Structure formats: C-alpha cells, structure tokens
Amino acid sequence: MAGIDKVDVALSILKIAIVVGALLNVTPIMVWVERRGSALIQDRVGPNRVGPFGLFQSLADAAKFFLKEDIVPAGANKWLYSLAPMFGLIPALTTIAVVPWGRPFRLPSGRLFEPIVADLNVGILLIFALASLSVYGIVTAGWASNNKFSLFGGIRSSAQMISYELALTLSAISVLMAAGSLRLTDVVWKQTGYFVLFDKIKLPAWNVFSPSMWLAFIVFSVAAFAETNRLPFDFAEAEAELVAGYHTEYSSMKFALFFMSEYIAMATISALITTLFLGGWDIPWVNEPATFWGFLASAIVFTIKVSVLMFIFVWVRWTIPRLKYDILMRMGWKVFLPLAFVNILLVAWFIAERWI
Amino acid sequence: MITYAVFFFFAAIAVIFALVVILHRNPVVGALSLVASFFALAVMYVLLEAPFLAALQVIVYAGAIMVLFLFVIMLLNLQRQPEEPTRPIQQFLGYVGSSAFGIGLVYYLSKYAVMELPSGPFLADARAIGVKLFEVYIFPFEAVSILLLAAIVGALVLSGRGVQTS
Amino acid sequence: MIPTQWFLILSAILFTIGVCGVLTRKNGITIFMSIELMVNAVNLTFLAYARQFHQLHGLIFVFFVMAIAAAEAAVGLAIFISLFHHRETIDVDEANLMRW
C-alpha cells in the first residue's frame, strides 16, 4: 500500500461519516414520505398532528420505539434472536461503500477527492456478496422466534430473495459488460457522454436510454423490489396473511432495527439502480467541472435521482396488489431469469457490432 | 504492520468458528459459525491478492451453499432431536488421530515449506481470470456446467419431485 | 507481505479441524459441514501457492472447486433429506442397512 497518510485517513473518515449519516437519516424521512404518500394515494390525510404537515411524526415514532418493552419470547434462542436484526442491518449499511455519489474533484492542495468510500476493483461483486448475506437476517429471525408463522415467513422470504438475486446479478452483468469493468466509478464515467440521435437531439449516455439495456433495467428494478421485500413481493411481512411474517415476535428496538434495515436496503438499491442505469452522479446535458461546486452539484443530482426512485418504491407499494407466492416464484425463475439472459446476449451482440 | 494484525485476527476467527462447528451440539449454530468462518477465509483470500475469488467465496459459499444448509436444517427441524454423544472410543480415537495428523502436518510445514516472498504484484482481477477461463480452461468450464445440470436433476429426483408418473 | 507458509499452516489447522469433525460427530449435517471446511482449507492452499508462484492456474482451480462444491452440497443435502424421510433421524450410525 503506497503512501496512505493521515490526510487520507481523515478524508476516509469524513466520507464514511457523510455516507452513514445520510443512510441513517433515510429511515425517519422515508417513514414520513411513506405515510403521507400512502395517504395521498389513498385519498386521505395521513399524520398531520405532530408538527407542521406531520413532519415530526418520525420523532414520535422513534420515542415510542425506545420506550416500548423489549420482549424475548419463551423458547426462543436468545442469542440468535438478538443477532438476527444485525444480520439484516449490516449488509444494508456496508453496501453503500462502493457506490460513487459525486464527481471526483481536486482539493486546493492538489489531492484528488473521490467521493466513494472504497473504490474496489471488484466493486459490484461486493454488493452481490453482501446482498446474499442479507438473507441470513430473515432466516435467523424466522427460526429464532420459535413461532411457526415466523418460520414460514422467513423461509418463504429467503427463497424469494435467493431466486431474485440471480435475476439481479445477471441483469447487472449486462451493464458491466458494456462498461468493461467491475468498478462502479468506471460504469458511471462511461455514462457521462452523449448519444446523438438524428444529428439533432443530444441524449445523456445513460444506460437506461440505450436499447440494449431496457430489459436489464426492467429486470433489475423488479428484482430490486423482490430483494428488499417490498410490495408486490412482500410475502415475508404480508400483513393479514402471516401476521407480520418473520418479524412477528419482535418489539421495540429490535423491530425498529428491522424497519430501519428495510428502508436502508431500499435506499442502497435505489442508489445502485441510479449508478448502473441512470447515470449515477452525472448531471444531464452539463459537463461538470472538477471543482468543489461541480462535486456538490453532482452529489445533489445523485440524491435527487435516488429520492425519485425511492418515491417510486413507495408509489408502487400502495398501487399494485401483492403477488401470490407461487406466481412470484414462477415469475422469478421462468420470466425474469430468461429475460436477463436474453439481455446479456443482446448486449454481447451490441458490443460485437461496436454500437456500444 | 496492519496486514499482520488483520491476518492474525481473521485467522483466529476462522479457527475459532471452525471449532464451534465441530463441537457445538446445535447444527443451526454450527451452520452460522461456518458462515463466519467462510467470511474470515474470504478476508484471507483478499490478503492473498485475489479479491475476485474472495467475493465469489462469499457469494457462493456463504451466500448460497450455507443458506441451503440452513434451509434443510430448519425445514427438517433437526435441532429438536438431541444428538446422542458418540461412543467414547470413537471420540478418543477421532480426537487423538486428527490431532496427531494435524500436529505432524503443521510441524513438517513449518520446517520444510519455507519459501521466499513472491516479488512483484499478482494480477488476479476479473479480466485475467476471464481470459484464462475462456481460452485455456474452456472445456472444464463447459463440463462443469453439465455437471451442475446433473446435480440439479439429481437433487430433484432425490427429493421426489422430478419424477412424474402418468 | 505475509509469508506463504503462514497461510499453509492456517490451512493445515482448518483441514485438521474438518477431519476431526468428520471422525467424531454423528450428525450427518455436521459431518457435511466439516467436509466443506476441509474443501475450503484446500482452496486456501491453492490460492497461497498461486500467489507464491504468480500463476493463475490455482485461481481457476479454486473457481472450479467452488462450483463443484455447490453441486455436491445440493446433491448431498437431497440425499440427507431422503434419508431423513425414510428413517426419521439424521444420525449416520442409523444408516446401517448394509451392515454385515
């Protein structure tokens, strides 16, 4: 390791603080968005008592979580019961380490500041690896609760997650083939150009605008819903069917941890969709300069893109009904996996014809 | 300096959780300890300058195979049956025999396997592995895909769902 | 940089623990997990030597070993499931129909 000095360490700590701080604040904001958004869609008002427009509702919820009694069910394996929420939270928080959230710029001292916590050579594989680890939180929670409903919810949800992980991985591979590298910074740099249509219209060269990746975009987005256990794929927590699935027996802070890990996983996967398909931090039609203001603008644009995607997550949740479990599994294996394969062939053809 | 600390820490984790696997009665705890051990091994692979294989280790072993193990243990409800302890003579011979084997192996390795450190960086990224895989090892690659197909068919038949009698 | 010998010794320790698990336990799943531990110890040895001699063949071999271990785990667990359905126990000492 060549030349890591104190300034590098300090900058890394700053980057980690920014990213983790942003992720931990996602939950209160998303709770508010979810409740007001669902009220908007369902033609009612939603929480509007606690503060203007109900903005402090999340604070009230957090206080409630702190003050509730922490129950451990009889016959439950105490260690695993307490560890399960952590298995869900750790992958959600660490995956964001390889996502670039702004344009690299030069500090006044000449040092290059890269707004990515860890620019690994195998960046995206870390995300897949940690996504496979998030299955353990659910399976352990379902089993350790000593409750048949929790066990069924846990097993179903983990079967769903590992099935859709395949579609997720394969659809991301087509993006990586086009970018020629596993690093997410390279994937974003490749999308900072322009497509020129009919010599007149200049489209930003985002992957979502390239016809070879439309299938991958659709498959990845659907698999993202399945990975985070959001409707229409939320059989694990299907209210009114499995009580509350794998987190039936959890109360107060442990339940809050599950809650948080779901929203943070949603934010991370939205960040991933943005990076792979929507151009990451690239501001459309603007060449960002390598200065601090360019970096700030690109970070703000990244946040806007991620927020739009997260609102779409909420929107879909309250619009589309839940899929039946066997239909869900059948679609995962018989529809989305073949579509992901077809997309790989399509991208390979485009690369061979040098259209990409 | 930090490299040595990381090596010793994760080597200790790998060994301790491996011991938990073979010594604990409950197979669920054993499976989760094996996951931790695989994770520590993935860190070892990173120290050996093979980050691609480290990620593959977590994806394949810790993320898929162990989930399969956990499914089987939980669905068959195996932790409810207390396992009878093995006969003392088998335990004694097993522990003594494997310890003798292990001590002999470690002794001879530390005496004869001294090698000088490799010079220069080792390029083990995805591109290099991909080139080797699709040029030199293309036949084993295709053969492994047929083997996986055979494994899928075998697992289906053994679990009784693949055979349809009309 | 860490000497290759240390990795070999770690791999030997893990392999021995795996052997011990196979020899002393009666639970079929635990025996299977000890076998996976042994396979991983061997993977570590392959990678240690691959780095030592700067050859990629070790890595490719580990790649194939992982794929084959996945196939083996699937089939092995299917065998355990059918054993369990017949005998209601996963104790390998009970699978003794061919005893003489």
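Me: Which residues does A:Asp61 touch, not counting residues up to four places away in sequence?
Reply: This is a predicted model. In it, A:Asp61 touches A:Val31 and A:Arg35. A:Asp61 itself is found in helix α3 of chain A, residues 57-67.

Me: Why is A:Asp61 called buried?
Reply: Its relative accessibility is 14%. Buried means under 20%. The value falls below that cut-off, so A:Asp61 counts as buried.

Me: What makes the pair A:Asp61 and A:Arg35 a polar contact?
Reply: The side chains of A:Asp61 and A:Arg35 are joined at 3.0 Å. The limit for a pair of N or O atoms is 3.5 Å, and one must be able to donate a hydrogen and the other to accept it. The 3.0 Å pair is therefore listed as a polar contact.

Me: Which residues of α3(B) and α2(C) make the contact?
Reply: From α3(B): B:Leu53, B:Gln57, B:Tyr61, B:Met66, B:Phe69, B:Val72 and B:Ile73. From α2(C): C:Ile29, C:Phe32, C:Met33, C:Glu36, C:Val39, C:Asn40, C:Asn43 and C:Leu47. They divide into 11 nonpolar, three polar and one charged.

Me: Is B:Gln57 buried or exposed, and how do you know?
Reply: B:Gln57, in helix α3 of chain B, has 0% relative accessibility. That is under 20%, so B:Gln57 is buried.

Me: What does B:Gln57 touch, not counting residues up to four places away in sequence?
Reply: In chain B, B:Gln57 touches B:Phe38, B:Leu41, B:Ala42, B:Tyr45 and B:Ala62. In chain C, B:Gln57 touches C:Asn40 and C:Met66. A polar contact of 3.0 Å joins the side chains of B:Gln57 and C:Asn40.

Me: Which pair of chains has the most contacts?
Reply: Chains B and C, among the two pairs that touch. Chain A and chain C do not touch. Their nearest C-alpha atoms are 10 Å apart.

Me: Why is B:Val15 called buried?
Reply: B:Val15 has a relative accessible area of 18%. The cut-off is under 20%, so B:Val15 is buried. The residue sits in helix α1 of chain B, residues 2-23. Among its contacts are C:Leu10, C:Ile13, C:Leu14 and C:Ile17.

Me: What makes the phi of A:Asn229 worth a remark?
Reply: Most residues other than glycine have a negative phi. Phi of A:Asn229 is near 60 degrees, a positive value. A:Asn229 lies in the loop between α8 (214-227) and α9 (252-277) of chain A. With a relative accessible area of 3%, A:Asn229 is buried.

Me: Where is A:Trp285, and is A:Trp285 buried or exposed?
Reply: A:Trp285 is in the loop between α9 and α10 (292-317) of chain A. Its relative accessibility is 54%. Exposed means over 50%, so A:Trp285 counts as exposed. Phi of A:Trp285 is positive, near 65 degrees.

Terms used: Residues are numbered from 1 along each chain as its sequence is written. Chains are lettered from A and ligands numbered from 1 in the order in which they are written. This is a predicted model: local features need pLDDT of at least 70, side-chain atom pairs count only at pLDDT 80 or more; totals for chains, interfaces and linings use all residues. Side-chain values use heavy atoms; hydrogens and water are left out. Contact means heavy atoms within 4.5 Å. Helices (H or I, at least four residues) and strands (E, at least two) are DSSP runs, numbered from the N terminus. Ala, Val, Leu, Ile, Met, Phe, Trp, Tyr, Cys and Pro count as nonpolar, Asp, Glu, Lys and Arg as charged, and the others, Gly among them, as polar. Buried means under 20% relative accessible area, exposed over 50%, partly exposed in between (1.4 Å probe, protein chains only).
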